[in-house]
Amino acid sequence: LSFPGTVIGTTARAVSGNNVVGTYDDSTGRSHGFLFDGTNYTTLDPPGAVSLPYGSGVSVSGVSGNNVVGRYLDSSYVWHGFLYDISTSAYTTLDPPGSTWTALHGVSDNYVVGSFGEANNIEHGFLYNGTSYTTLEPVGSVMSSANAVSGEYVVGEYGDGNRHYGFLADP
């Protein structure tokens, strides 16, 4: 897989059926999301996204059916999560309440998982079910990240200040 005209590179991140998503860096080093449907490539850059040289801008990390998730950098240099609907070509920004930055890591049907920072920049994992956000923090954690989802089952990682551990959650 190589996004047409890409000089620096293409990274595939996830697959669902014929749809492959990821990130490519254009000839100036700016990053963009992409969707490859088995025949055609489409650039996925949410409205308001800015792309700086050397890997900052847009990152796409998950796909499930018609849903694509990732993150983008805005003109204030704040990361936001986004959901892209392939069937309607519509973008939705997803940021948990009170977040200072957001990254979406995975999607399964209507469930989205990711991580966000708060004012003290501590990272928290979360599950979004299409209407509400649930923070996922195992007991004793000082940070967490939800990395993948299948149905309602979520896997991720958390740290207790000394080590990192994996977790499986069924919210």
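Two strands count as paired if DSSP finds at least two bridges between them. Strands themselves are DSSP runs of E with at least two residues, and helices are runs of H or I with at least four, both numbered from the N terminus. With that in hand, let's walk through the structure. The model is predicted, so local features need pLDDT of at least 70 and side-chain atom pairs count only at pLDDT 80 or more, while totals for chains, interfaces and linings use all residues. Residues are numbered from 1 along each chain as its sequence is written, and side-chain values use heavy atoms, leaving out hydrogens and water.

Start with the whole chain. It has 15 strands and zero helices. Its radius of gyration is 16 Å, close to the 16 Å that the globule rule gives for 171 residues, so the chain is as compact as a globular protein of that length. Here the radius is taken over C-alpha atoms, and the rule is 2.2 Å times the number of residues to the power 0.38. Along the principal axes, the C-alpha atoms fill a box of roughly 50 × 30 × 30 Å.

Now look at one of the sheets. Strands of a sheet pair through backbone hydrogen bonds, either parallel or antiparallel. Strand β3 (residues 31-36) runs antiparallel to β4, joined by four bridges. You can find phenylalanine 36 opposite tyrosine 41 in β4.

Six bridges link β5 with the antiparallel strand β6 (residues 67-73), and valine 63 has valine 68 in β6 as its bridge partner.

Finally, visit valine 155, which lies in strand β14 (residues 153-159). Is this residue buried, exposed or partly exposed? Valine 155 counts as partly exposed because its relative accessibility is 37%, where buried means under 20% relative accessible area, exposed over 50%, and partly exposed in between (1.4 Å probe, protein chains only).
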